[in-house]
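Welcome! Keep the view open and try each task before reading on.

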Amino acid sequence: QIDKAEKLGFTAHFMSEVEWFYTKDGKPMDTGGYLAVPPEDKAGPLRRQLAAIFADARIKTKRIHHECAPGQNEVELKLAPVMTNADDTLLAEWIIRVCADEQGYDVELDAKPWIGEAGNGLHQHIQLRDADGKNVFAAEKGAQELSETGKHFVAGLIEHAREIAAVFCRSDQSFQRFTAAHEAPIWAVWDYMNRDAMVRIPFIPAGKFCIFTVRTRAEDV
């Protein structure tokens, strides 16, 4: 697919958001919520350790923080060429598990470890650039407008929604996560700020980059 894109004059850049739970004896390690701080958040030292190791491994990160469920955390990797992003995502998940094991904790990366709690997503931000490095998704005429290339790209994702799900959502837990109001993609549609949509286009000021988020959970990576 990279070769096909290059023949069309495009290079793909991805940005991953990886979510996981820290657990102890099969239960979440803390009672924190979104962007929690101590004492509810117990994972601060682990996240600081991760940030340092990611930097040593040349994995560029945008932010790392406590997510919305007890014991849940997230790291956002910076936009990078697609194969770099793929390697960094798998390496980051391995580092997360190794660091937790060294501190006596387990890591749960599955899509829906506990019914009634938030699940783990793997969100991919996608961008295509032309030979000059220009983002080809953004239209010139105004904020939140898509170019014709961007519209066709979104249409392709929606057209192949079932195939994407077959590859990235191979466990029962993935489908347990597909429920409304859990920030999971329950509809094979696109929208701007609708977290139930498979493809989400964030608000973009005029002339800025336009990035699509495909919301999946890769199993058994």
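**Exercise 1.** In which strand is the place of Phe 21?

*Solution.* First, some ground rules: this is a predicted model, in which local features need pLDDT of at least 70 and side-chain atom pairs count only at pLDDT 80 or more, while totals for chains, interfaces and linings use all residues. Residues are numbered from 1 along each chain as its sequence is written, and side-chain values use heavy atoms, with hydrogens and water left out.

Step 1: look along residues 11-24, which form strand S1, and you will find Phe 21 there. Helices (H or I, at least four residues) and strands (E, at least two) are DSSP runs, numbered from the N terminus.

Step 2: check the burial of Phe 21. Its relative accessible area is 1%, so Phe 21 is buried (under 20%; exposed is over 50%, partly exposed in between, with a 1.4 Å probe and protein chains only).

Step 3: list what Phe 21 touches, leaving aside residues up to four places away in sequence. Among them are Pro 70, Gly 71, Val 107 and Trp 114 (contact means heavy atoms within 4.5 Å).

**Exercise 2.** In what sense do strands S3 and S4 pair?

*Solution.* Step 1: find S3 at residues 61-66 and S4 at residues 72-77; they pair in the antiparallel sense over 5 bridges (pairing needs at least two bridges found by DSSP).

Step 1: turn to the hairpin, with 5 residues between the strands, where Gly 71 takes a positive phi near 75°.

**Exercise 3.** At roughly what angle do the axes of H2 and H3 cross?

*Solution.* Step 1: the axes of H2 (residues 44-56) and H3 (residues 82-102) come within 10 Å and cross at roughly 135°. Therefore H2 is oblique to H3 (angles under 35 degrees are roughly parallel, over 145 roughly antiparallel, 65 to 115 roughly perpendicular, and the rest oblique).

Step 1: see which residues meet. From H2 these include Leu 50 and Ile 53, and from H3 they include Ile 95 and Cys 99. By class, this contact has 9 nonpolar, 1 polar and 1 charged residues.

**Exercise 4.** Is Leu 128 buried or exposed?

*Solution.* Step 1: locate Leu 128 in strand S7, residues 122-129.

Step 1: its relative accessible area is 8%, so Leu 128 is buried.

Step 2: compare sequence with space. Leu 128 and Ala 12 are 116 residues apart in sequence and 4.6 Å apart in space, C-alpha to C-alpha.

Definitions and conventions
Axes are lines fitted to C-alpha atoms, for helices over the stretch in contact, and angles run from 0 to 180 degrees between N-to-C directions. Ala, Val, Leu, Ile, Met, Phe, Trp, Tyr, Cys and Pro count as nonpolar, Asp, Glu, Lys and Arg as charged, and the others, Gly among them, as polar.
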